[in-house]
Amino acid sequence: MNVILLGAPGVGKGTQAQLLVMRDGFVQLSTGDILRNEVANGTDLGNKAKVYMDKGELVPDDLIINMVASKLLPEKSYLFDGFPRTLAQAKGFDELLREKRMQIDHVISLNLHYDEIVRRLSARRIAPKSGRVYNLITNPPKVEGKCDVSGEDLILRSDDLPEAIEVRLNEYENKTAPLIQYYQNTIGVKIVDASGDIEEVYQRIKNILS
Ligand code: AP5
């Protein structure tokens with residue numbers, strides 16, 4: 001089963017994807033995580049992407065489509081987290097899925113009030129190597145500043161600063177939100193309320209998948 005998780009920055013896509021990977025055997029394909037890895041390794045793609053990411057802008061579509069194409073294996077069950085993000089990416093993705101003889105079974109859009117999104121993002125900390133996500137208020141690590149599993153230092157993402165959050169929310173409204181209508185016209189979209197605690201949101205998603 002392949003699932004697209006849509007939703008504004010900070011709505012909880014990565015958090016839910018990590019649970020669905022651990023409990024339900026999905027493979028998470030997060031274009032944000034892949035790009036951050038490329039940046040950390042100083043690759044050509046990473047250097048190009050960093051310029052956009054630091055400002056909170058979307059990375060150009062051709063870079064993203066090629067990157068996803070190089071990762072897809074038809075036999076896996078994917079959770080697409082943060083991809084596609086524009087109409088051009090969605091159309092390119094449709095072609096890619098046809099070539100690979102794959103299909104999307106569910107498109108789930110997580111919805112949350114913007115004030116709550118800003119609160120969640122401002123308190124988010126991540127473990128850069130393992131990609132684990134924490135929140136100083138709602139999901140703190142056991143030891144302050146350290147990842148529960150790897151013990152590595154937690155950091156604030158450079159795009160979780162207030163100016164970049166605002167740009168990202170605008171990018172979402174202008175370029176990504178139209179995908180809800182795009183998928184309504186084809187596969188259909190299930191809207192999920194992303195308020196409440198992490199477990200409640202997980203159960204809402206599970207009800208759709210089962
Ligand atoms: P990306 O990494 O995809 O960032 P994003 O979409 O902005 O999403 P986030 O990772 O910020 O949020 P999330 O929804 O995963 O929330 P999370 O679970 O962490 O992309 C980053 C950048 O890369 C983009 O800006 C762009 O430049 C580039 N990029 C990536 N993909 C691209 C593409 N396809 N095309 C072009 N450019 C691309 O949760 C947030 C916080 O809330 C955490 O602290 C978490 O612990 C907490 N939390 C989660 N759920 C709950 C809950 N239910 N209750 C309380 N707290 C919660």
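1. The ligand has 36 residues around it, and those that come nearest are Thr15, Glu57, Arg124, Tyr134 and Arg168. The model is a predicted one.

2. An oxygen atom of the ligand lies 2.8 Å from a polar backbone atom of glycine 10. For tyrosine 134, a polar backbone atom is 2.7 Å from an oxygen atom of the ligand; Tyr134 is also listed among the residues that come nearest to the ligand.

3. A side chain takes part as well. In threonine 31, an N or O atom of the side chain is found 2.7 Å from a nitrogen atom of the ligand.

4. Helix H2, residues 31–40, packs with helix H3, residues 44–55, at an angle of about 115 degrees, and their axes are 8 Å apart. The crossing of H2 and H3 is left-handed. On the H2 side the contact involves Gly32, Leu35, Arg36, Glu38 and Val39, and on the H3 side Leu45, Gly46, Ala49, Lys50 and Met53. This contact comprises 5 nonpolar, 2 polar and 3 charged residues.

5. Helix H6 (residues 114–122) and helix H7 (residues 162–176) cross at roughly 135 degrees, with axes that come within 11 Å. The two helices are therefore oblique to each other, and their crossing is right-handed. H6 contributes Tyr114, Ile117, Val118, Leu121 and Ser122 to the contact, while H7 contributes Ile165, Arg168, Leu169, Tyr172 and Glu173. By class, the residues of this contact are 7 nonpolar, 1 polar and 2 charged.

How values were computed. Residues numbered from 1 in each chain as written. Predicted model: local features only at pLDDT ≥ 70, side-chain atom pairs only at ≥ 80, totals over all residues. Heavy atoms only, no water. Axes fitted to C-alpha atoms, helices over the stretch in contact; angles between N-to-C directions. Helix = DSSP H or I, 4+ residues; strand = E, 2+ residues; numbered from the N terminus. Parallel < 35°, antiparallel > 145°, perpendicular 65-115°, else oblique. Left-handed = near helix turned anticlockwise from the far one by under 90°. Contact = heavy atoms within 4.5 Å. Nonpolar A, V, L, I, M, F, W, Y, C, P; charged D, E, K, R; others polar. Near = heavy atom within 4 Å. Polar contact = N/O pair within 3.5 Å; in protein donor to acceptor, adjacent residues only side chain to side chain.
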